[in-house]
Amino acid sequence: MGVLDPLKGFGITFATMFRKVATEQYPEDYRPTEQRYHGRHQLNRHPDGLEKCVGCELCAWACPADAIFVEGGDNTEEQRYSPGERYGADYQINYLRCIGCGLCIEACPTRSLTMTNFYELANDDRQNLIYTKEQLMAPLLPGMEQPPHPMRLGEDEQDYYVNGPELARKAQEEAP
Amino acid sequence: MGLEEKLPNGILLASVEKLVNWTRKSSMWPAQFGLACCAMEMMATGATPYDLARFGMERFAATPRQADVMVVAGRVTNKMAPVLRQVYDQMSDPKWVISMGVCASSGGMFNNYAIVQGVDHVVPVDIYLPGCPPRPEMLLDAILKLHAKIMDEPLGPARARDKLESGKTTPMIPSSVKYAKDPDKLAGPRDPNGASGGIPLVEGGKR
Amino acid sequence: MTTVEETTQTPVPEGHVRLTIDGREVIAPKGELIIRTAEREGIEIPRFCDHPLLDPAAACRQCLVEVEMNGRAMPKPQPACAITISDGMVVHTQHGSEVARKAQEGVMELLLINHPLDCPICDKGGECPLQNQALRHGRAESRFRDQKRTFTKPIEVSKQVLLDRERCVLCQRCTRFSAEIAGDPFIELLERGAHQQIGTAKTADAEGWGAVTPQGQPYQSYFSGNAIQICPVGALTSAAYRFRSRPFDLVSAPSVCEHCSSGCAERTDFRRGKVMRKLAGEDPEVNEEWICDKGRFAFRYVTADDRITRPLVRENGKLREASWTEALRIAADRLAEARDNGGVGVLPGGRLTVEDAYAYAKFARISLHTNDIDFRARPHSAEELDFLTTNVLGTTPEDGVTFTGLERANTVLCVALEPEEEAPAVFLRLRKAARKAGTKVVHIGQFSTPAVDKTFGTLLACIPGEETNAVLGLREHAADVYAQLGEGGVILLGERAAEVPGLLSTVAGLARETGAQLAWIPRRAGERGALEAGALPTLLPGGRRVDDTEARAEVAAAWGLEALPELAGKDASAILTAAANGKLHGLVLGGVDPDDLPNPELAREALARAEFVVSLELRRTAVTEYADVVLPVAAAVEKSGTYLNWEGRPRPFDIAIENTGILSDCRVLDTLAVEMDTDLFTQTPQAALADLDRLGTVEPPVAQPGWTIEFEGEGPPKSPLRHGKARLATWHRLLDNGSLQDNEPHLAQTARETVVKLSTATAQGIGVGAGDPVVVSTHQGRIELPAEIADLPDGVVWLPANSGPSTVRASLGVGHGDLVDVRAGGGE
C-alpha cells in the first residue's frame with residue numbers, strides 16, 4: 001500500500017469525468033420510444049381535413065377506467081365535421097384516469113383514435129389533464145382544411161372510408 | 001421561515017428568492033411512498049441507469065423528517081390515507097408532493113369503495129403525473145417540472161401577492177423540449193404534433 | 001312404459017290444450033300463439049315483427065319453427081308468431097330442430113343482406129334486437145358479395161321521427177302500431193318486392209311517386225314515439241335523441257310521467273345528471289307499453305336556462321340570489337307578519353305529488369292558520385268542490401273506474417273531455433276497448449275530433465256551455481245510450497266540466513240514476529293527489545271535511561295541535577279576489593301560471609297587491625316576477641314521490657337523478673315551517689307519506705240527496721251566431737304552449753295546426769272560407785287565426801286554449817261557453 005494509493009481512487013473518479021456516460025441522459029438527450037409505445041391519444045383526420053371520429057362512443061365503452069367522454073352530434077350540409085351523418089361533437093380524455101391500455105384504439109371503428117408516443121404529460125393542474133377535442137385533434141397537414149367544410153374527397157362516406165387513401169393519392173398526383 | 005416575511009419587497013429580494021429556490025430545488029430528498037406498481041418505476045428511476053443523483057435526489061428516505069418531496073406512487077387505499085397524511089405532516093417545510101400514476105392522481109381504473117379517488121383529497125399535490133405506470137422518463141419530467149415550479153415560488157407574502165396579482169403560472173414545458181440541445185431534432189416520429197407534443201409553449205402555462 | 005305415461009298424464013283443464021315443444025309437454029290456453037307458449041316455458045324463439053300487443057303479421061319470418069300436427073309434419077317451417085297452438089301439436093324450435101335452425105339462419109342472412117354495417121353510429125346500437133339476434137342466431141359470415149341497397153338518409157316521417165330505410169327489416173311494427181293502437185295510419189308500406197319500404201305519403205311525394213300514392217298528409221300522431229321504441233332495428237329514430245348518447249352510457253331509472261293524470265310508467269335514461277330520453281315503461285294496469293309523445297319527449301324544461309337553483313330575494317325591486325338561511329328567514333318573518341295582519345292564501349298548483357300537496361295542506365293549516373288553500377289553478381266552481389268531495393274523493397282502482405275497467409265497459413260516455421288531448425293513455429284504452437271489445441264510445445262535445453273518429457265513437461254535439469242540457473236530454477233523445485249506461489256503462493268527466501254550470505251535479509245525478517260508474521279525469525298530474533291530501537278550502541287530508549268537528553279534532557290531535565282553523569277557506573278565485581282587495585296580505589304559490597287561472601288579470605293584480613308573495617318554482621315565471629321570495633324546488637326527475645292518477649291509483653316513483661342538491665316542495669315547506677316555529681314532519685317525501693298514512697283516510701262521504709246541488713234554473717242562454725256573436729268552445733291541446741314543453745323544438749313541430757274551427761254556415765255568415773283569417777275577439781283582446789271548417793253546431797267557434805297565438809284566457813279573458821265576437825280577418 002503506497003502513499004499515493006488513496007489518490008488513485010480520486011484518479012479513477014477524475015478520469016471517469018472524461019469518459020462517455022453509460023446512463024440515460026433523459027432531458028438533454030431524448031431517446032425515442034418503441035414505435036408502438038402507448039403515449040397520448042390523437043384524433044386523426046381524413047386527407048381533406050375532415051374528422052374521422054363519428055362520435056360512436058365505442059372507445060368510451062371500451063375504456064376500463066371510464067376516462068373517455070364522447071358526445072355525438074349531427075353533421076349538416078352547412079356545418080360538416082366528418083363525412084356521413086354523425087361526428088364527435090365533444091371529446092374528452094381524462095389523463096388522470098387513462099391507463100394507456102389501448103383498448104379504445106382497438107374499439108375505434110374508423111381508426112380515428114390512435115396513440116402517439118408523447119408521454120411528457122405531467123402537470124400541476126388536474127383540469128389541464130382533461131384533454132379536449134381541440135387538443136387531441138391531429139394537426140392539419142398540407143392539403144388539409146380546418147372543418148367544418150364540405151366533403152372534398154367524394155360524394156359520400158364510401159369515398160372516405162373505403163376509397164379514401166386511393167383518392168387522396170390520386171388527388172396528390174394530379175396536383176402540380 | 002420567518003426572516004423573509006419581514007423583509008421589504010425589492011430587487012435584492014428577487015435575487016435572494018432565486019438563490020433560495022435554487023438551493024431548494026437542487027437537492028430535494030424524496031420521501032418514497034411506494035404503494036403499488038408505480039413504486040417499481042420509481043425504483044427504476046432511482047437506480048443507476050437513470051441516475052437520479054444528477055438532480056441531488058439519490059437519497060430516497062424512509063425518514064420523512066429528512067425529506068422534501070413525497071412521491072406517492074400507487075393507489076392509496078382508504079386505510080392508507082391517514083398514514084399518508086401522517087408522513088406528510090412529519091415532513092419539514094418546505095415540502096412538495098408528486099402524485100405518481102393515475103391511481104394516486106384520481107383513483108385511476110379503481111373507481112371503488114376502497115381507493116381514495118385522488119390523493120389530493122388527503123394532501124396538497126404539486127404535480128400530477130399520469131401514466132399506468134409512468135415510465136422513469138415521465139417521473140423525471142415531473143420532477144423537472146416541479147423544479148421549474150419551485151424556481152418560481154415567491155419568497156414571502158408580499159411576493160406571493162405580486163405573483164397572484166400578475167396571474168403568472170409556471171409553464172409546463174416538456175422537459176425534453178426545455179432541456180433539448182437541438183429541439184428541431186425531436187419532431188417527427190415521437191409526436192407528429194411537433195416537438196412540444198402539440199402543446200403551444202405559451203407563457204403562463206394555461207393552454 | 002306407455003301405461004305409466006298415461007296414468008301420470010295430468011288432465012287438460014277446460015279451454016286448454018296439450019302440446020309438445022322441444023320434447024317438453026306443455027298445457028296452455030287454447031288460442032295462444034306458439035311463440036308465447038314457448039316463451040312462458042323459457043324457450044326463446046327469435047323474432048322481430050311479433051309484439052304481444054299488436055296483431056300477428058308474420059312479416060319478418062325470423063321465428064320459423066318446425067310444426068307437426070296429428071303426427072304429420074307441416075311441409076315447411078312455420079312462423080311461431082302467427083300459428084295458434086292446438087291439441088297434440090308437436091313443435092321443434094331451433095334448439096331441437098336442424099330445419100328450424102337453418103331456416104332461421106337463412107332468414108337472418110337475408111335480413112342482413114341490405115342492412116348497413118353502421119351500428120357504431122346507429123342510435124339502436126347496443127340495445128338492438130337485430131344486433132343481439134344476429135349474434136346469437138345468425139351465421140358468422142354473409143355470402144352476399146354485391147352492392148347493398150342504399151337510400152337517402154334519413155327522411156323525416158314527421159318532425160320528431162326520422163327514418164333510415166336501409167336499416168329497416170320491414171317487420172311492420174310501426175305501421176301496425178299506428179293503424180291498430182294509435183289509429184294514425186299515415187305511415188305505410190310502399191312499393192313492392194325489393195323496393196318495398198316504409199314511408200308516408202309525403203315521402204312518396206319526395207321520391208316522385210305522387211302518381212302511385214295519394215298526395216299530402218304527413219304522418220301526424222301523438223303517439224309516434226312508441227313506433228320508435230318498438231322498432232326492432234334502428235330504422236326509426238327520434239330527432240331529439242339522435243346521436244345524443246349511446247345506450248351503454250345511460251343510467252336508467254323507472255319513473256312516472258308528470259304530464260297528465262294518467263300516471264304512465266316510464267323509464268328515464270340520463271347521463272351526467274341530464275335526462276337524455278324517456279321511454280315507455282310497462283304497466284298492464286295503466287299504460288300497457290305505450291306513452292304519448294308529450295310524456296316521452298317533453299323533459300328538457302328541467303335543464304332550461306332560466307331554471308332557478310338558488311333562493312331569490314327581492315331587494316329594491318329586483319330579485320337577487322340569497323342563501324337558504326337568509327331567504328327562509330325573510331320568508332318566515334314576513335309570512336308570519338302577513339298571517340297575523342290579514343291572512344295568507346296558498347295556491348299550490350295542480351302538478352304536485354301527494355307528499356308535496358300534503359305539505360302544502362299542512363303548512364296552510366299549521367303555519368298559516370288558515371283553510372285558504374286551493375290546488376285548482378284553472379277555472380273552478382263551488383259545485384266542482386262539492387262534486388269532488390262526494391263523487392271523486394276516496395275512489396280507488398278497487399271500487400272505481402280503471403283503465404282495464406274501460407275495456408270491460410259496454411258504453412263509455414265522455415263528457416267535456418277530449419281524451420286524446422287531455423289524457424292520451426285513456427284515449428288509447430278507449431280505442432282498444434272499441435276495437436277489441438266493441439265498447440261503444442259516446443262523446444258529448446262540439447265537433448268530431450280525431451278522438452271521436454279513432455274510438456269509432458258517436459258525437460252528441462251541443463252548444464258549448466250547454467252540455468248540461470245535453471246530458472239532461474240523453475234519456476229522451478239518446479235512449480239507447482241512456483239504457484246502455486245502466487248496463488255496465490262508464491261516464492268520464494273532464495276538467496272543463498267545471499266551467500259549465502250544473503254539469504257536474506247533473507252528470508252525478510245521471511250516474512246515480514242509471515247506475516253507471518263515474519270517473520273524473522283532470523288534466524294535471526297532481527290534482528287527484530292534492531284532493532286526497534286536503535289541499536282544498538273545505539277538505540282536510542284523508543278526505544275529512546273542515547266543517548266536521550270530529551274530523552277536525554282527529555287531525556288536530558294527530559298533528560299535535562289544540563285545534564285547527566274552523567272556518568272553511570276561500571277557493572282560488574276568492575283567494576285572489578281577497579288578495580287583490582288587500583284583505584289577504586300574503587300569498588304562497590307553487591307551480592301556478594296566472595294565465596291558467598279563470599281571471600288572469602285579477603291574478604296579476606292580486607300578486608301585485610299582496611304585500612308578501614312566496615313562490616316555490618322551478619323556473620322564472622310570471623309569478624316569480626311578483627314574488628318577494630322565490631324558493632327553488634325539484635322537478636319530477638330530481639325528487640321522489642307519489643302521483644295519484646285519475647283512477648286513485650298511487651304511482652310512486654323514486655329519484656332518477658340524485659345529488660342535484662335541489663329540494664322537493666315538502667322539504668322546503670318543512671324548513672320554512674320550522675323557521676316559523678311549527679313542525680310539518682315532511683322533511684322527506686317518505687316522511688310526508690308516512691305522516692299522511694298515519695292520519696289515515698276516512699270513509700268518503702256518501703253522496704246524499706241533500707248534499708248535492710241539483711241543477712236548477714233556466715240553464716244557460718241559447719244564442720246562435722247573431723250580430724257577429726258566437727259561443728266559444730275551447731280546451732287545451734296535448735302539445736301547446738305549456739311551460740313543461742319548453743325547449744323541445746322537434747316536439748313542438750308535431751303539434752296540431754293552430755286554427756279556429758267553425759261550421760260551414762258560421763263561416764258563410766261572416767264570409768270566410770277554409771284557410772281564410774278569422775278574428776275572434778272580446779272587449780279584452782283579439783286572436784286571429786286561419787279558419788278550418790268542422791262539424792260544429794252553428795254559432796259556435798272553437799279555439800285551442802293555449803296553442804301558439806291562441807291564448808284564450810290571457811288574450812280574450814273568457815273560457816269555454818262564453819260569448820265572443822267573430823268576424824273575417826285579414827284587412828285591418
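pLDDT is the predictor's confidence in each residue, from 0 to 100. The structure is a predicted model, in which local features need pLDDT of at least 70 and side-chain atom pairs count only at pLDDT 80 or more, while totals for chains, interfaces and linings use all residues. Residues are numbered from 1 along each chain as its sequence is written, chains are lettered from A and ligands numbered from 1 in the order in which they are written, and side-chain values use heavy atoms, without hydrogens and water.

Chain C has an average pLDDT of 88, and 94% of its residues score at least 70. Residues 1-5 of chain C fall below 50. The predictor assigns the complex an ipTM of 0.84 and a pTM of 0.88.

An automatic or database domain assignment supplies the domain bounds. In chain C, domain 4 spans 382-523 and domain 5 spans 725-824. Their C-alpha centres are 24 Å apart. Contact (heavy atoms within 4.5 Å) links 24 residues of domain 4 of chain C to 21 residues of domain 5 of chain C.

The buried area is the accessible area (1.4 Å probe) that two parts lose on being put together, summed over both. Between domain 4 and domain 5 of chain C it is about 1800 Å², with 57% from carbon and sulfur atoms. On the domain 4 side, Glu421(C), Phe447(C) and Pro464(C) lose the most area, together 38% of what that side buries.

Five salt bridges (a side-chain nitrogen of Lys or Arg within 4 Å of a carboxyl oxygen of Asp or Glu) cross this interface. Arg727(C) and Glu466(C) form a salt bridge at 3.8 Å, N to O.
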